[in-house]
Amino acid sequence: MAMPNRTFFAPMTRRAADPATRCPTEAVRDYYTRRAAGGFGLIITEGVFVNNHNAMNKEMCPLCRTDEQIAAWKAVVDSCKAANPHVKMCIQLWHVGVWSIKPIGPSQSPVPAGFNIKAADPNAALSAAIAKGATDADLEGIINDFTITAVNAVTKAGFDCVEIHGAHGYLVDIFSDLFYNRRKLKDGQAFSSESTGARAGFGAALTESLRAALGPKVPIL
């Protein structure tokens, strides 16, 4: 992917989506458009949740799943490219894992210290203070959520590339953390904790799914 320069706009959580629809608003569109007009070569969006059940923890953060959400993101991309025809647009795909209002991780574990489940969602059950240990079926579903969101973003909303959020203690990151990942092959669990390669397996499987769906030319960051 050719870019006009090496000045990249990093992803930063905005918390400015419509709270009812989880669509980026006109204010979000204008925010990114100003950055495009300023000459950035690549703009990476804020984190975009890949589903609305166990990926989320913050109000007013967006998704890209429904027709309305996709159309709102397309308006953002179109506006940025009108302001700067050479800018490349990248969507960041986000699953917060054990930080979710319905926390889930590689293995059952306490939620991170300092995360107030009740503050994130006043209706959350107190049992949510323990993150669910994901089944293989859960993880297959989450990979599918990433893949659907990526395809929506690229083929329908007009993004040039995608980024997987793989840091900061969120879902992809904690597969490499032996506190959170205690999965065992003897228990029939994929992406086990027993070697560096196995711990990297979830991120690799996720990337492979995106690559198969997006084809060989769409960059995956």
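Two strands count as paired if DSSP finds at least two bridges between them. Strands themselves are DSSP runs of E with at least two residues, helices are runs of H or I with at least four, and both are numbered from the N terminus. Before you start, note that this is a predicted model, in which local features need pLDDT of at least 70, side-chain atom pairs count only at pLDDT 80 or more, and totals for chains, interfaces and linings use all residues. Residues are numbered from 1 along each chain as its sequence is written, and side-chain values use heavy atoms, leaving out hydrogens and water.

**Stop 1: the sheet.** Select β3 (88-94) and β7 (161-164). These two strands run parallel, joined by 4 bridges. Pick out Leu93 and you can find its bridge partner in β7, Ile164. Now widen the selection to the open sheet of 4 strands, ordered β1-β2-β3-β7 with parallel pairing. At its edges are β1 (8-9) and β7, each pairing on one side only. Strands of a sheet pair through backbone hydrogen bonds, either parallel or antiparallel.

**Stop 2: two helices across the strands.** Show α1 (residues 26-37), which lies across β1 and β2 (42-49) and runs at about 155° to β2. Angles go from 0 to 180 degrees between N-to-C directions, with axes as lines fitted to C-alpha atoms, for helices over the stretch in contact. Next, show α7 (residues 201-214), lying across β3 and β7 at about 170° to β7.

Just past the end of α7, click Gly215, which has a positive phi of about 85°.

**Stop 3: Gly97.** Move to the loop between β3 and β4 (104-105), where Gly97 sits. Gly97 counts as buried because its relative accessibility is 0%. Leaving aside neighbours within four places in sequence, Gly97 is in contact (heavy atoms within 4.5 Å) with Asn54, Pro103, Ile104 and Leu171. Select Tyr170 too: Gly97 and Tyr170 are 73 residues apart in sequence, yet 5.4 Å apart in space, C-alpha to C-alpha.

**Stop 4: two positive phi values.** Go to the loop between β7 and α5 (171-174) and select His168. Although not a glycine, His168 has a positive phi of about 65°. His168 counts as exposed because its relative accessibility is 63%. Finish at Phe191, in the loop between α5 and α6 (196-199). Phe191 is also a residue other than glycine with a positive phi, near 60°.

Definitions and conventions. Buried < 20%, exposed > 50% of the residue type's maximum accessible area, 1.4 Å probe, protein only.
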